[in-house]
Every structure is written in structure tokens, then in C-alpha cells.
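Work through the following exercises with the sequence and the 3D view side by side. Try each task before reading its solution.

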Amino acid sequence: IADVDPMRLDVRTDLFLMQRYALAVLWHSTYERARVADEANPPDDDTMEYLNWDDSENWMTGSGICLWSGVSCHRRHGSPPDEIRYDNNNGVTRLNLTSNDVRGTLPREIFTALTDLRVLHLDGNELTGTIPSELGNLGRLEQLHLGSNFFSGTLPSSAGRLSECRYLFAGDNYLTGTVPTEIGRMSSLTELGLHENDLTGNVPTELGLLGRLDSAYLDSNGLSGTVPTELGRLRSVTDLRLRRNELTGTVPTELGNMESLEVLYLDGNGLGGTVPTELGRLGNLDQIFLYKNQLTGTLPTELGLLSDLDHVYLDHNLLTGTIPTEFAGLSDVRDLFLYNNRLTGPIPPRAVAGMKDLVRLRLHNNTLTGTVPSELGELSHLVELELQENGLGGRVPSELAGLVNLVTLKMHSNGITGTVPESICDLQSRYRLDEITTDCASGGVVCPCCTECV
């Protein structure tokens, strides 16, 4: 850097030589390495061109590093607070190369020389290799975004030394190994994103120490063990996602203490036991995804207290008992998925009448009995109604003709008889109804407008 750099900094006295050197190493480990590789393996099609650093303005020129694209520095003495880019060298506080077609590896010098760094945004590129263990040297770092790259190896345990870091995102990579327990020392952390990697091992109990945490995304990994009860200490968390892992055990009752929780995704695991009644204390809950587990027992009546619930996905479990009448309290619910369980009893008319905003209702593949409630016809927003593969009887209520937004109506594989009212058939020609299935093949139902007879 001393010999080639057009700026010719004094190697003995210049305070910012090492920061300029670190950025030059980044350039050579990405841009230059990718350029050499592209020249050695040119594309077959002459019209194609490899992408390499969409914006590289001023990099490796005689300009000060504070004018290089994506680089911001401390403001100069006496200058306005927002003047963080200028033609000079100074302490680098931000490096933002998000979605810049950066290819190559991330050099350790970034973490040893840029000691003033507050923000590091490298997400949405094609970076490979490992995340250097020197990561923990950036003691002033507040934001770390490394997501949507091709990083492999482990997340360095030295991340635990980033006590001022508020955002740590390294999702959508190929990281392996365990989630470092040292993350529990990141006392300022508010958002943690390690989703869509190949992480294994347990969910660290130390996450329960992160009192400022707002969001935790650990979904789509290979995490095993149980859901830590210590997560119940996280009173500020609004979004908890542990879906699509290999978790076992039960849904901890302690999750009912997470008073700020709005989104709970635990689907796609091997969780058993019952749905905790304590979840009924989560008054801010908007989405609950517990589908594709092995949950047993009955549906808690306490869920009916959650008037802000918008999406309830409890399908693909082993739930038994009846649908609680108390579900009438789900006044904001749009999606209610209870299919592929072992539910019995009738569809409670009072519960149906209370869910005025319902858009999709899927109750199929249970053992429900009784008749199709006429109150369903009052759900003017309903788009999907799937009641097939139950033990329902009686006739198709004419009130369903009021469902002018209905697209899908499935009632086959039941004991329903009679003729589908002409007013319901009119929904096809006059409104949006596209699919209607009944047991019209066996003669149990007369349906001149069914798209499929079973």
C-alpha cells in the first residue's frame, strides 16, 4: 500500500494508513480476485458479463477513503454533523456495500484495523469463506449485516464481545456448528437473525439474558433439543421464530410471560404435549404458528381471549376435543387452520359468528359432526371454506350465497345431502367462486355447478 497507493501515505506517521490498507485488502480479496477468476474463465456467451462491484467509485484511487463509495467516516472538526463523506482519510465508521455484487472472501484486516466501525453492511452479495474470528475486535460495532451471502464455517464465539451491537444478521448463508452461547453477553442486542443456515445443537439458554432483544430469527436450521424455558424472561421480544428445526419436548408454559410477543413461529418441529393455556396471556399476539408438530390434547379456550390474533395455524397435529365456543373472541382472525387433526363435535355457530374478518377457514380432515352452520354466510370476507373429510350432515345452507368473495368451497367426503342451492351456484357466474366440491358422484348431493364430484 505504501508503494502502490497514489496517495503515498507516510508509513511511519500517518494515523489512517492501516484503515486504508484494510480497505485495500478487501478490494483485492473481492474485486481483484473475482476479476482474475473471470478472465481465466470467461463466459461462453460473448454477450454475457460477470458482475463485479456495481459501485466502486473512487476505490483504489488517490481520493481519501472517506470518499470511497460505501465508506463513511467521523465528521471533521468544525464540520456539520451529517458531513461523513469527504475527500480525506479519517476513522471509518460505516462500510455499506449491501447488494453490490461483491464476490470473494472477507479479510481479517477489516476486523483488526477498522476499530472505529459502527456499521458493517455486507448483506446481499456473494461473499464466501468463513467469518473471521477477529470479529469480536470491533468493540464499537452497532450493526452487523452479513446475510444472504455464501459464508460457511461457524459463527465466531468472539461475537459475544460486541457489547454495543444492536443488530446481528447472518441469515441465509451456509453457517454450521452451534449458536455460540457467548451471544448471551451481547447486552445491547435487539435483533438476532441466524435463520436459513445449517446450524445444529441446542437453542442456547443464554438467549434469555438478552433483556433488550426484540426479534430472534433462528428458523430453518437443524437445531435440536427443547425450547428453553429461559426465553420466557424476554419481556421485550415481539417476534420469536424457531420454525423448521428439529426441536422436541413441549411448548414451554413460560412463553406466556413474553408480554410483548406478537409473532410466535414454532411450526415444523417435533414438539409434543399440549398447547399451553398460558399463551392466552399474550394479549399482543398477532400470529401463532404451531402447525406440523405432534401436539396433543384440546384447544385451549384461553386462546379466545386473544382478540388481536390474525393468523392461527394449528393444523397437522394430533389435537382432540371440540372447537371452543370461546373462539368467538377472535374478532380479528383472518386465517384459522385447524385441519389434519382429530377434532370432534360440531362447528360452533357462536364462534363462527364472532370471527367477522375471517378470510380462510380450513377444518378438513377431522371428525367434526353436526351440520354446516348457517352463520358462515355472514362472513363476507371469506375466500376459502374447506370442510371436507369430516362427519358433517344435513344440507348445504342457502345462507352461503352471501359469501360474495368466496373462491373455494369444499364439502366432499361428509354426510351432507340434498341439492346445492341455485343461489350458491350463482356465485360462480356473478362473483368469484372458482372451485366447489361435494359428494355429488355418489348421488348424496345434487350439484349442477360443482367443479368436482367425489
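**Exercise 1.** Describe the link of cysteine 425 and cysteine 449, and state where in the chain the two residues lie.

*Solution.* Step one: cysteine 425 and cysteine 449 form a disulfide with their sulfur atoms 2.1 Å apart, a disulfide being a pair of cysteine sulfur atoms within 2.5 Å. Step two: the angle about the S-S bond of this link is -70 degrees, and the link is left-handed. Step three: the pair links distant parts of the chain, 24 residues apart, with cysteine 425 in helix H4 (residues 422-430) and cysteine 449 in the loop between strand E22 (445-446) and strand E23 (452-453). Helices (H or I, at least four residues) and strands (E, at least two) are DSSP runs, numbered from the N terminus. Step four: both cysteine 425 and cysteine 449 are buried, where buried means under 20% relative accessible area, exposed over 50% and partly exposed in between, with a 1.4 Å probe and protein chains only.

The model is predicted, so local features need pLDDT of at least 70 and side-chain atom pairs count only at pLDDT 80 or more, while totals for chains, interfaces and linings use all residues. Residues are numbered from 1 along each chain as its sequence is written, and side-chain values use heavy atoms, with hydrogens and water left out.

**Exercise 2.** Determine the handedness of the link of cysteine 447 and cysteine 450, and then that of cysteine 66 and cysteine 73.

*Solution.* Step one: cysteine 447 and cysteine 450 have their sulfur atoms 2.1 Å apart in a disulfide, and with 95 degrees about the S-S bond their link is right-handed. Step two: for cysteine 66 and cysteine 73 the torsion is about -100 degrees, so that disulfide is left-handed. Step three: the structure holds four disulfides, and when the bonded cysteines are numbered in sequence order, the pairing reads 1-2, 3-6, 4-8, 5-7.

**Exercise 3.** Classify the aromatic pair of phenylalanine 289 and tyrosine 313, and say whether each residue is buried or exposed.

*Solution.* Step one: rings of Phe, Tyr and Trp (its six-membered ring) pair if their centres lie within 6.5 Å, and planes under 30 degrees apart count as stacked, over 60 as edge-to-face and the rest as tilted. Step two: by this rule there are 12 aromatic pairs. Step three: phenylalanine 289 and tyrosine 313 are 4.3 Å apart centre to centre with 25 degrees between the planes, and the pair is stacked. Step four: phenylalanine 289, at 7% relative accessibility, counts as buried, and tyrosine 313, at 9%, also counts as buried.
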